[in-house]
Amino acid sequence: MPSTIFVLNGPNLNALGKREPGIYGGQTLADIEAMCVEHGKTLGLEVVCRQSNHEGDLVDWFHEAGSVAQGIAINAGAYTHTSIALHDAAKAIGIPVVEVHLSNVHAREEFRHKSMLAPAAKGVICGFGADSYILALNALKTLTQHTK
């Protein structure tokens, strides 16, 4: 039975492909999700993708993942920089969390340099476009192998 990994996306990521393609690329969220599912299969992972513009949905999915999944890759969007709730949820669930960003947040506006989620995550991957998600799945595969 494959390990389950949740790939969660926060606010405005549903607008990928239209929103600032010079920063975020031209791929849609559906493109990225399909890429994650396919790559997950090559790793023996079942990838469950979800997106919400609402912080509470993301928190609920963290708690669900804590019961049914072995890890989470999350692009929390703007909530990365503001959400103590996501930080606390990551610490509460007992499975590895990898923070993901399409762009290099450290090469952007100052307010994007601080992550509330990173201290509760196993690691952060940013700046590789859609490949950031692939790198996160690779990392979670390795992390979940060591915890079985």
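Reading from the N terminus, the protein chain runs through its elements in the order β-α-α-β-α-β-α-β-β-α. That comes to five helices and five strands in the protein chain. The model is a predicted one, so the values here follow from its computed coordinates.

The protein chain has 148 residues, and 48% of them are buried. As for contacts between residues at least 6 apart in sequence, 76% of them join residues at least 24 apart.

Now to one helix pair. Two packed helices are described by the angle between their axes and by the distance between the axes. Helix H2 covers residues 29-43 and helix H5 covers residues 131-145; the two pack at an angle of about 30 degrees, and their axes lie 10 Å apart. Because angles under 35 degrees count as roughly parallel, H2 and H5 are roughly parallel to each other. Their crossing is right-handed.

On the H2 side, the contact is made by Ile-32, Met-35, Cys-36, His-39, Gly-40 and Leu-43. H5 contributes Asp-131, Tyr-133, Ile-134, Leu-137, Asn-138 and Lys-141. Sorted by class, the contact of H2 with H5 has seven nonpolar residues, along with three polar and two charged ones.

Technical notes: Residues are numbered from 1 along each chain as its sequence is written. This is a predicted model: local features need pLDDT of at least 70, side-chain atom pairs count only at pLDDT 80 or more; totals for chains, interfaces and linings use all residues. Side-chain values use heavy atoms; hydrogens and water are left out. Helices (H or I, at least four residues) and strands (E, at least two) are DSSP runs, numbered from the N terminus. Buried means under 20% relative accessible area, exposed over 50%, partly exposed in between (1.4 Å probe, protein chains only). Contact means heavy atoms within 4.5 Å. Axes are lines fitted to C-alpha atoms, for helices over the stretch in contact, and angles run from 0 to 180 degrees between N-to-C directions. Angles under 35 degrees count as roughly parallel, over 145 as roughly antiparallel, 65 to 115 as roughly perpendicular and the rest as oblique. A crossing is left-handed if the near helix is turned anticlockwise from the far one by less than a right angle, and right-handed if clockwise. Ala, Val, Leu, Ile, Met, Phe, Trp, Tyr, Cys and Pro count as nonpolar, Asp, Glu, Lys and Arg as charged, and the others, Gly among them, as polar.
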